[in-house]
2 protein chains.
Amino acid sequence: MSTGNISLDILLDELKDSILAGNSPDESVRAIKKRFPSVADKEAKDIYALVAGAIKIVPKENVSLVLTAPAGFSLKAKTTKNTVESLLEGATKSILITGYSLSDYFKDMVDLIINKSQKGVFVKFYVNHIENQGTFDKLCRYKGRFLKIYNYPKAEDAMAALHAKVISVDGEKTLITSANLSYHGQQGNIEMGTVIDSKVMAKQVDDVFTQLVFKKVFVEV
Amino acid sequence: MSTGNISLDILLDELKDSILAGNSPDESVRAIKKRFPSVADKEAKDIYALVAGAIKIVPKENVSLVLTAPAGFSLKAKTTKNTVESLLEGATKSILITGYSLSDYFKDMVDLIINKSQKGVFVKFYVNHIENQGTFDKLCRYKGRFLKIYNYPKAEDAMAALHAKVISVDGEKTLITSANLSYHGQQGNIEMGTVIDSKVMAKQVDDVFTQLVFKKVFVEV
């Protein structure tokens, strides 16, 4: 937020606090006149309005709702299916993806993921109880430098699972949802998630899984 | 973003586009001098710096990661359990909540929800296949003006489910997660979600469920 000038920074800070608190402009206008002695009252008010308008510029919303809902149900929200496909298709550097339940329905996307890894996109696929999921056989055949598979093995608590449903792409966009990689998750159920456009969030998600590997909660296949 | 004055709006728009595009300030400073003829060059540059600083004020991050992870696994993220409890405990006006799978583990929270509704907090509980979930019996006994229960009944596609896991409170904060209202969802599994502080998002989520009721996808119990 720095303006590069201390007295301006102080003024901006004062204006910001007052504007965000919804205070009357009078004091702020006086502060502006003090900083800019040559400006007239009317101009000071206009400068105030300009700064207030600038502070209230709403940044591009960086989180969107993602829905699976009955066919024919139209809403101003992204669909899970389109979001998953466009994230995976758009990946140019990396894909982090979890599979609690991966069905044959998702086989085209598995081919896409394999294809991406062969073009140098670095894929990390975190899987729940891979020993029970035959749908991962093909993926496992292609594992290698750019396609890492990590398993969440059965533990003492046999009910415990990798239940998170996450796709994070290029360290930028992250889908966090209730929807599995299955027909019902992508189309048949009612599911909700968010897609977040944030490097901070993408890094946080990546860090979580990296730590879980480090702590041997996941085991590389 | 309106300043309440058309010529100021035009100026702010011009400044915004130039500042966000990272252009040189020269043209913007000229535009400021044109709008404020009495200000000196130096002052015009300062007004530019003030507006640029105001535009770059980063709003409070409105989306946070929410995690269920193995005990002893410490991360800079909120836990699902704490988030669910603080959302429900903090509710003063309304609660929207979904139950795909509600276990006895959650019975204290059910009591809290009933208690809230008796104090005038408007609760809407969306439930998957209530006929199969005995854990909802108590809740159903308390249904009334401030506690509405909506069921997602079995359909032709017997596998289709209300699988979304959502808690939205006071039209302001919304948790969207993979975690069910069960021990494993809240503590035993690896789960991920986001909590979003946004009236826009809360309204969007509420609208989705209202429309699903309107279209008879849900039936009031």
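Okay, let's start with a helix: α8 of chain A lies across β3, β4, β5, β6, β7 and β8 of chain A, running at about 60° to β4(A). Helices (H or I, at least four residues) and strands (E, at least two) are DSSP runs, numbered from the N terminus. The angle is taken between N-to-C directions, from 0 to 180 degrees, with axes as lines fitted to C-alpha atoms, for helices over the stretch in contact.

Some housekeeping. This is a predicted model, where local features need pLDDT of at least 70 and side-chain atom pairs count only at pLDDT 80 or more, while totals for chains, interfaces and linings use all residues. Residues are numbered from 1 along each chain as written, chains are lettered from A and ligands numbered from 1 in the order written, and side-chain values use heavy atoms, leaving out hydrogens and water.

So what is that sheet in chain A? An open one of nine strands with mixed pairing, in the order β2-β1-β8-β7-β6-β3-β4-β5-β9. Strands pair if DSSP finds at least two bridges between them. At the edges stand β2 (78–79) and β9 (219–220) of chain A, each with a single partner strand, so one side of each has no neighbour in the sheet. Further in, β3 (residues 94–99) and β4 (residues 122–128) of chain A pair in the parallel sense over six bridges, and A:Thr98 has A:Tyr126 in β4(A) as its bridge partner.

Over in chain B, there's an open sheet of nine strands too, ordered β2-β1-β8-β7-β6-β3-β4-β5-β9. There, β6 (residues 165–169) and β7 (residues 173–177) of chain B pair in the antiparallel sense over five bridges, with B:Val169 opposite B:Lys173.

Now, how do the chains meet? 70 residues of chain A contact 70 of chain B, contact being heavy atoms within 4.5 Å. Together they bury about 5,700 Å², 70% of it on carbon and sulfur atoms; that's the accessible area (1.4 Å probe) that two parts lose on being put together, summed over both. A:Leu50, A:Ile190 and A:Met192 supply 13% of what chain A buries against chain B, more than any other three residues.

How many salt bridges are there between chain A and chain B? Two, each needing a side-chain nitrogen of Lys or Arg within 4 Å of a carboxyl oxygen of Asp or Glu. One joins B:Asp46 and A:Arg35, with the closest N and O atoms 3.0 Å apart.
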